[in-house]
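Here is a short tour of a structure that may be new to you. Look it over, then read on.

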Amino acid sequence: MALNNNFDQKYIIETRNLDIYYGSFKAVAGVNMRVERNAITAIIGPSGCGKSTLLRAFNRMNELYADTSIEGEVTFSGQDIYARDVDPVEVRYRIGMVFQKPNPFPKSIYENIAWTARIHGYKGNMDELVENSLRQAALWDEVKDKLKQSGLSLSGGQQQRLCIARALSIKPEVILMDEPASALDPIATLKIEELMQDLKQNYTIVIVTHNMQQAARASDYTAMMMLTNGESRSGTVIEFDETNIIFTRPKDKRTEDYVTGRFG
Amino acid sequence: MAELTVKNLEKKASTISLRRKPRWGETIIQGLLFFSGFFSIFITLGIVYELGKEALLFFQMPGVDLLATLTTTEWKPHVNKFGIWPLLTSTLMTTLIAMAIAIPLGMGVAVYLSEYAIPKVRSTLKPILEILAGIPTIVYGYFALTFMTPLLREIFGKDVVQIYNTGSAGLVMGILILPLISSMTEDALSAVPRSLREAAYAMGATKLEVALQIVVPAALSGIAAAIIVGISRAVGETMIVAVAAGAGPNFTFSPFIGAETITGHIVRISGGDLSYDSIDYNSIFALGLFLFIITLVLNIISQAIVRRFREVYE
């Protein structure tokens, strides 16, 4: 295949001098980070520092509602996803997302997955796809006898795994997770974290989390975000490194203060 | 020091009062609220009583028979023929034509406003639609008579379309009901949580897929309610049909021929000099009761539909 090999195959998403604006307010400024393929990258930092905004820039979710714009570049496998001829629908097809609050469709468990596959023209054996997706999300055994029930009849943790199964059904390359466990109890959280380790074999995961233990336990790389102290009050990545370095010998004093719980 | 604190606490405890305090403002407001709720129920019951009483008088008159009313197709009060079907069919005709206009257009407008329009377009278009709903219905009536009817006659031929016809009344009634349906539907669509749309977009769904396959099904109960309210409005609409649909009961299914609806007939009869207790006078109460029953049944159906199709999305 004649691929454009100007980019490093090791990294699936890269940002260059990325600024994100809400109207004229610069919410996120000057982010340069590279997301490694088949690794888990965590984004941590205090509330309101732009973690979710940055994550949502990776699959062009920001532009759906508010008046947002970006400067700089976000590339996916070497392609600028904000280029004029790029269809955001195609971007989101390849870069899936799981949200903070579980949001299954008000359809049956089966339909949650089948609908998602169908809109992308899936013509194969639907029963098989539904089963495989649910197995990958470690939910099959719990729901195999009630596939016709509403997705909303499940517990919060099960709903979140259904949302993961739904995202997996269309085989994205990257899965973005926006605090996927913050609305769940510790046991459901543990299940999601175990699931992430399994999924790493085949997918790249970027996760925003408030929970520093979770980032330390579950991720390979960590990006530390914080508001800059200038008058603009934009959020930016102040340090990005392997997770064990961020948590044991960070270079930035602010990172150290944050991960040791001195503030935030 | 410690003793002192305990003593203070004891003293405080003895002065705490949990006794109920009189709150006159609350009591008065509560009474007024109860009265307004009771008042509207009382008025409704009063109307039903009056309708029922006069209708009963009608059915007790010589030559009137409920079965004949429900099964025969001639309404000629001067010869004691009271078959309700000619009036009922024209009511159904105008309603059907109106809904054929109002439902598809109303849905289209609502989906456009809630899913596609940018905020600026939405904030301009919504008030315009609401103005449409605020035009007096008599104006719509003359619009039907002086614009829609000539237009229909132009299209289908003057010998086919009569000057008074149910088609033109129905079409204009559809325009009247359009804003009602679109505004209620838009409210139902807008109430679907943003998280549900985001879920679909994040799975790579297109705008149309999100709108028609996720948002519309989730709002189905509200949409059904909007349609039923629209039908009730069409059945009860009076001024347009009185002006444009024609005078005189006519048992026909052609939209190009004049035929009087139930409401149109009531208006015409009650406008004349009727002596109290004449058979004509009493007949309009029976017709009113029929109308009331139709809209009541529609409301009951709508509530059943809403319960049945309610998609709980949270």
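Buried residues make up 56% of the 264 residues in chain A. Buried means under 20% relative accessible area, exposed means over 50%, and partly exposed lies in between (1.4 Å probe, protein chains only). This is a predicted model: local features need pLDDT of at least 70, side-chain atom pairs count only at pLDDT 80 or more, and totals for chains, interfaces and linings use all residues. Residues are numbered from 1 along each chain as its sequence is written, chains are lettered from A and ligands numbered from 1 in the order in which they are written, and side-chain values use heavy atoms, leaving out hydrogens and water.

Chain A holds 10 helices and 10 strands. These are DSSP runs numbered from the N terminus: helices are H or I with at least four residues, strands E with at least two. The radius of gyration of chain A is 19 Å, close to the 18 Å that the globule rule gives for 264 residues, so chain A is as compact as a globular protein of that length. That radius is taken over C-alpha atoms; the rule is 2.2 Å times the number of residues to the power 0.38.

| Chain A property | Value |
|---|---|
| C-alpha span along principal axes | about 55 × 45 × 35 Å |

Now the interface. Chain A and chain B bury about 2,000 Å² between them, with 64% from carbon and sulfur atoms. Buried area is the accessible area (1.4 Å probe) that two parts lose on being put together, summed over both. Y65(A), P106(A) and W115(A) supply 31% of the area that chain A buries against chain B, more than any other three residues. The contact (heavy atoms within 4.5 Å) takes 25 residues from chain A and 22 residues from chain B. There is 1 salt bridge between the chains. In a salt bridge, a side-chain nitrogen of Lys or Arg lies within 4 Å of a carboxyl oxygen of Asp or Glu. E198(B) and R56(A) meet this way at 2.9 Å, N to O.

Which residues does I97(B) touch, not counting those up to four places away in sequence? They are T166(B), G167(B), G170(B), L171(B) and P255(B). I97(B) sits in helix 4 of chain B. I97(B) is buried, with a relative accessible area of 19%.
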